[in-house]
Amino acid sequence: MSRSLDVVTAESAVSRILGITNELNRLQDVDAILDRILFEARQLSKADAGSIFLVEDGKLRFSYMQNDTLFGKQSLTPAVYSNFSVPIDETSIVGYVAKTGEILVIDDAYQLNPEQPYSFNRSYDEKSGYRTTSIMTIPLRSFEDRLLGVMQIINAMDEENKFTSFGPDSRIYLPLFASHATGAIERSRMTREIILRMMRMAELHDPRETGQHVQRVGAFAAEIYHRYALNKGYSREQIRYMKGMIRLAAMLHDVGKIGVPDSVLKKPGKLTDEEFDLMKLHTLKGARLFSQPTSELDRLCGAIAMHHHEKWNGTGYPGHWAENSTQAEQPQPLSGENIPLGARIVAVADVYDALMSVRCYKEPWPEERVLETLRKDAGSHFDPEVVEAFFQIHDVIVAIREKYQEIPAEAAACRTVVAP
C-alpha cells in the first residue's frame, strides 16, 4: 500500500530543509548566510520579498532584505545597507514578534485588527510604490532559546504569481526552517565579531584601522565582486559563496600593520624611502599570519593581505616572496591577471576609502576627485573591469559609506596621536 501524498510531501520538505541547513555551514559570512536564508525561505513559501532583523544593543537592527519585484533576484541595491533599528516592543510587527516570541501571520497588512497593539508602517510602500499584502513574521532563537532576531517573509504568491495569503505548508515549514537556520546565523556573527576584535587590537596600534573602516572596505569589496561576477556570468551559488569570503578577507587586508613601528605608522608627513620600505612590509607580515592555511578563507586572507598593493601595470608591491626573503631579494611585482582577483578588488575598495577618509597626512578628498582618480588609474593601478564594476554599483557604495560612517572621535584620533 503506497504512502499518502501528504507524507511524501512532508518528508521531501523536511529533507530539503536539512539539506539547506548543511549547505549553510559552508558559508562563513553573516550577510551571505542571511541572503541564503531569505532566498530559501522565500522558495519554500513562494514569496516575493523578505527581511531579517538581528538583535543589536537591545534593539532589532535591520540586517538584510530581498524583494524580487523592486530589485530583481540579485539584491544589488542600496536598500540592503539601510541603517535603522526598531524597538523590541509591541508597537511594530517585528517588535511584537520579538517581544512575545509568537509567530505572526497576517493576510493583509492594510486590514489589521485595530484592537491589536501593533501597526504596519506604510512609509516604505508609499516611497517605493510597493504593496505589502501578506506577512509571516517568525522569531529567530538560538538553541539556548536566546533571541537572535526576527525573519519577515512578505507576499506569498499563487500559481499565477499574484499576491495571496500564506498557506498551511508555509506555516509549518518556515518555522521549522528558521529553527534550523539560527545556528548558522549565530556562528557567522561570532566569526564577524572575532575579526572585528582583531581589528580593534590593531586599532590600538593604528587609530586609522577602525571597525567602521574595515566594515566599509569589506562591504565595498563584497559588492564590487558581486557586480564583477555578474558581468562574468558566474552562478548565483558561486557568487554567494565567494562574496561572503571576500567580505571577511577584505576586512583583514591591513592586519599586518600591527608589525609596523609606530614611528612609521603614525608619522604625519611624507615617509622617507627607508620608512616606506618598512611600511611595505605590512603586506608580508599580514600574509604570514595565514602561512599555514586550514581553509579556503585562510588562503584568500593571505592572498589579499599580501597583494592588495600590487598594480595592474606591475609597478606595485610586494610581488612573490619566499618565506624567509629579505628586501634585497624581492622579485618583480605581479601584474594584470596574475594578481589574485580578491586583491585586485580590495585595491580599488581600499584606495577609495583611504582617499575619502581622514589620514594623518591629509584631509578627505571630495568624492568627485576620488572618482576621477579611479577612472584615470583604471588600466594602470587598477584592473579596468573591477573599476567598471565599482562604477556600476556606485549607489550601493554610497549607501555602504553612509551606513558605516566614521564616529567623529575615531575620525579625529589620528590628529590626536600626532599632536605635539
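Modeller: A residue counts as buried when its relative accessible area is under 20%. Over 50% it is exposed, and in between it is partly exposed. This model is a predicted one.

Biologist: Why is Phe390 called buried?

Modeller: Its relative accessible area is 1%. The limit is under 20%, so Phe390 is buried.

Biologist: Is Phe391 buried or partly exposed, and why?

Modeller: Phe391 has 24% relative accessibility. Buried needs under 20%, and exposed needs over 50%. Therefore Phe391 counts as partly exposed.

Biologist: What makes Phe390 and Phe391 an edge-to-face pair?

Modeller: Two values settle that. The ring centres lie 5.2 Å apart, and a pair needs centres within 6.5 Å. The planes stand at 85°, and edge-to-face needs over 60 degrees.

Biologist: Why are Tyr110 and Phe120 called tilted?

Modeller: Their centres are 5.6 Å apart, so they pass the 6.5 Å limit for a pair. Their planes are at 55°. Stacked needs under 30 degrees and edge-to-face needs over 60, so 55° leaves tilted. Both residues are in the loop between strand 4 (104–106) and helix 5 (123–128), 10 residues apart.

Biologist: How do you know whether Tyr110 and Phe120 are buried or exposed?

Modeller: Tyr110 has 18% relative accessibility, and Phe120 has 18% as well. The limit is under 20%, so both count as buried. The structure has 11 aromatic pairs by this rule.

Biologist: Which residues have the most contacts inside the largest nonpolar core?

Modeller: They are Ile37, Met151, Ile224 and Tyr352, in a core of 103 residues. Helix 6 (residues 168–205) gives the most to this core, with 11 residues.

Biologist: What does Ile224 touch, leaving aside neighbours within four places in sequence?

Modeller: Its contacts include Ile345, Val348, Ala349, Val386 and Phe390. Ile393 and Ile397 are also among them. Nonpolar side chains tend to be buried together in soluble globular proteins.

Biologist: How many residues line the second largest pocket, and which lie nearest its centre?

Modeller: There are 23, with Glu56, Arg192, Leu196, Gln215 and Tyr404 nearest the centre. The volume of this pocket is about 770 Å³. Helix 6 gives the most to the lining, with six residues. Seven of the lining residues are nonpolar, five polar and 11 charged.

Biologist: What makes Asn155 stand out in the backbone?

Modeller: Its phi is near 60°, a positive value in a residue other than glycine. Asn155 is in strand 6 (residues 147–157). At 0% relative accessibility, under the 20% limit, it counts as buried. Asn161 has phi near 60° too, and is in the loop between strand 6 and strand 7 (163–164).

Conventions:
Residues are numbered from 1 along each chain as its sequence is written. This is a predicted model: local features need pLDDT of at least 70, side-chain atom pairs count only at pLDDT 80 or more; totals for chains, interfaces and linings use all residues. Side-chain values use heavy atoms; hydrogens and water are left out. A nonpolar core is a set of buried Ala, Val, Leu, Ile, Met, Phe, Trp, Tyr and Cys residues joined through side-chain atoms within 4.5 Å. Buried means under 20% relative accessible area, exposed over 50%, partly exposed in between (1.4 Å probe, protein chains only). Helices (H or I, at least four residues) and strands (E, at least two) are DSSP runs, numbered from the N terminus. Contact means heavy atoms within 4.5 Å. On a 1 Å grid over the protein atoms alone, a cavity is a set of points where a 1.4 Å probe fits but cannot get out, and a pocket is an open set with protein on both sides within 12 Å along at least five of seven lines; lining residues have an atom within 4 Å of a point. Grid points are joined across faces, edges and corners, and a volume is the space filled by probe spheres set on the points. Ala, Val, Leu, Ile, Met, Phe, Trp, Tyr, Cys and Pro count as nonpolar, Asp, Glu, Lys and Arg as charged, and the others, Gly among them, as polar. Rings of Phe, Tyr and Trp (its six-membered ring) pair if their centres lie within 6.5 Å; planes under 30 degrees apart count as stacked, over 60 as edge-to-face and the rest as tilted.
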